[in-house]
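Here is a short tour of a structure, written to be read with the coordinates open beside you. Take a look at the whole chain before we go through its parts.

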Amino acid sequence: MHITLQKSKIDKQSSIQITGSKSESNRLLLLKALYPEISLNNVSNSDDSNLMTKALRTDSDLVDINHAGTAMRFLTAYFSVQEGREVTLTGSKRMKERPIEVLVEALQELGADISYVENEGFPPIKIKGKKLTKHKVSLKANVSSQYISALLLIASKLENGLELTLEGEITSVPYIKMTLSLLDEIGVESSFKGNVITVKSTTNNEQPQTLTVESDWSSASYYFSIAAISEIGTEITLSSYKANSLQGDSVLVDVYRHFGVSAIFNDNSSVTLKKEFSNLEPLALNLKNAPDIAQTIAVTCFVLGIPCDLTGLHTLKIKETDRLVALKNEIEKLGGHVKITDKSLHLSASNRINELVSIETYHDHRMAMAFAPIALKTAVVIEDADVVSKSYPSFWDDLKSIGFKITK
Ligand SMILES: O=C(O)C1=C[C@@H](OP(=O)(O)O)[C@@H](O)[C@H](O)C1
Ligand SMILES: C=C(OP(=O)(O)O)C(=O)O
């Protein structure tokens with residue numbers, strides 16, 4: 001479904017309730033499968049979390065997680081320890097191009113029985129669940145933190161816990177810390193010192209406990225962008241957010257100050273974004289800790305005519321699409337100038353935006369959502385707009401509710 005966003009102006013004051021964090025939800029859903037006494041509130045209604053829920057419930061021997069990267073990685077670890085169970089874990093065409101070797105090798109090192117069904121190093125994989133007896137393993141930490149989180153999530157159920165040694169520069173660190181914080185919330189002890197993470201074996205925390213998922217900060221990024229592009233004085237209130245988030249993307253609060261957007265927390269349950277002033281200074285930012293907001297920030301800069309240098313983007317090439325190439329292609333269609341390397345993006349200042357450009361989304365929810373705020377300046381077409389359901393199914397309805405004019 002292609003949609004057209006007419007040139008729009010949003011309400012001076014508006015509010016949006018955003019669904020739970022996909023990252024927190026997918027971790028907690030797995031932990032709930034291991035510790036059934038846990039109850040969850042505000043679980044994400046995203047496709048990726050629905051697929052995770054289904055995969056954890058099914059007794060089929062074929063599990064297809066479509067485009068869901070965290071589900072693919074977390075379930076690889078989960079099924080490895082389901083004794084006596086045999087599962088083939090597969091996904092979309094793109095998922096079959098997203099590497100999983102670092103995780104598979106670490107699990108095999110611990111004793112897991114995993115084999116590749118098509119191409120070495122990539123899904124689909126066949127897993128024969130068994131008891132893992134070893135408890136020490138080293139793995140490369142600069143490709144994806146999801147491999148590390150996957151191992152940590154099952155660690156407390158291993159006989160002797162787990163000691164992970166992380167090799168090389170550690171990427172997306174806040175996601176690893178999120179995993180450890182959630183383990184701590186359910187009573188699993190761990191430590192993260194230097195490049196070594198240890199998790200204690202835990203069998204006795206079967207106390208009933210309810211955990212509330214905070215809303216998704218990556219989804220909030222699109223409203224930071226909308227606020228930055230809107231008139232001074234515009235306010236958007238987002239729920240349910242807290243100042244002390246487990247999600248690294250909450251760094252948006254600091255990043256968007258550059259664009260004159262303030263973020264004030266109200267009673268630890270919502271945050272109000274307000275466009276306070278304009279600032280056209282160039283932006284330089286390393287996003288290795290928050291890769292999912294790179295597209296949002298690049299588009300905000302382009303629309304405002306602000307040059308930017310974004311670095312630390314080495315993981316973007318193996319996400320839903322090669323996000324560096326996708327950003328360059330689409331910003332250039334709109335009239336911008338972008339240079340990319342394998343890990344950085346440079347955007348030059350520009351002062352015009354081509355009208356009614358059709359934005360290709362490459363099966364990537366974040367391409368669709370990041371480019372939507374363009375409509376505050378000029379009409380734009382978003383191709384395959386339903387891709388947003390991967391993380392934020394009601395995105396287009398929510399934009400309409402604050403004043404965006406959207407037609408099919
Ligand atoms: O653990 C997680 O929930 C995630 C980790 C990040 O991936 P990488 O560690 O591969 O950068 C992020 O991009 C992804 O959207 C979610
Ligand atoms: C990279 C993402 O997700 P995943 O890796 O879980 O597919 C994302 O949501 O931006």
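## Two domains

The centres of domain 1 and domain 2, taken over C-alpha atoms, are 29 Å apart in this predicted model. Domain 1 is made of two stretches, 3–20 + 214–407, and domain 2 covers 22–212.

How do the two domains meet? Contacts link 22 residues of domain 1 with 23 residues of domain 2. On the domain 1 side, the residues that touch domain 2 are five nonpolar, 12 polar and five charged.

## Ligand 1

Let's turn to the ligands. Around ligand 1 you will find Ser-23, Thr-70, Ser-144, Ser-145, Gln-146, Ser-149, Thr-171, Ser-172, Tyr-175, Pro-291, Asp-292 and Thr-315. Nine of these shell residues are polar, two are nonpolar and one is charged.

Which helix gives the largest share of this shell? That is α5 (residues 145–155), with three residues. Both domains take part, since domain 1 and domain 2 each supply at least three residues to the shell of ligand 1.

## Ligand 2

The surroundings of ligand 2 consist of His-67, Ala-68, Gly-69, Thr-70, Asp-292, Lys-319, Glu-320, Arg-366 and Ser-391. By class, this shell has four charged, four polar and one nonpolar residues. Here too, domain 1 and domain 2 each contribute at least three residues. Thr-70 and Asp-292 are listed around ligand 1 and around ligand 2.

## A mixed sheet and its helix

Next, follow the open sheet of four strands in the order β4-β5-β7-β6, where the pairing is mixed. β4 (62–64) and β6 (113–116) are at the edges with a single partner strand each, so each has one side without a neighbour in the sheet. From one strand to the next, the twist averages 20 degrees.

Inside this sheet, β5 (residues 86–90) and β7 (residues 125–128) run antiparallel and are joined by four bridges. One pair to look for is Thr-88 with its bridge partner Lys-126 in β7. Helix α3 (residues 69–80) packs on the sheet and touches β4, β5, β6 and β7, with its direction at about 170 degrees to that of β5.

## Helix α4

Which residues of α4 (residues 101–110) are buried? They are Val-102, Leu-103, Val-104, Ala-106, Leu-107 and Leu-110. In an α-helix there are 3.6 residues a turn, so residues three or four places apart point the same way. The buried residues of α4 pack against helices α3 and α5 and against strands β6, β7 and β8 (136–140).

After α4 comes Gly-111, which has a positive phi near 115 degrees.

## A hairpin and a second sheet

Strands β14 (residues 261–266) and β15 (residues 270–275) run antiparallel, joined by six bridges. Ala-263 stands opposite Leu-273 in β15. Three residues lie between the strands of this hairpin, where Asp-267 has a positive phi near 50 degrees.

Finally, another open sheet has four strands, with mixed pairing and the order β20-β21-β1-β22. Its edge strands, β20 (357–359) and β22 (406–407), each pair on one side only. Strand β1 (residues 3–5) pairs with β22 in the antiparallel sense over two bridges, and Thr-4 stands opposite Thr-407 in β22.

Terms used. Residues numbered from 1 in each chain as written. Chains lettered and ligands numbered in written order. Predicted model: local features only at pLDDT ≥ 70, side-chain atom pairs only at ≥ 80, totals over all residues. Near = placed C-beta within 6 Å. Nonpolar A, V, L, I, M, F, W, Y, C, P; charged D, E, K, R; others polar. Domains from an automatic or database assignment. Pairing = 2+ DSSP bridges. Axes fitted to C-alpha atoms, helices over the stretch in contact; angles between N-to-C directions. Contact = placed C-beta atoms within 7 Å. Buried ≥ 20, exposed ≤ 12 C-beta atoms within 10 Å, placed from the backbone.
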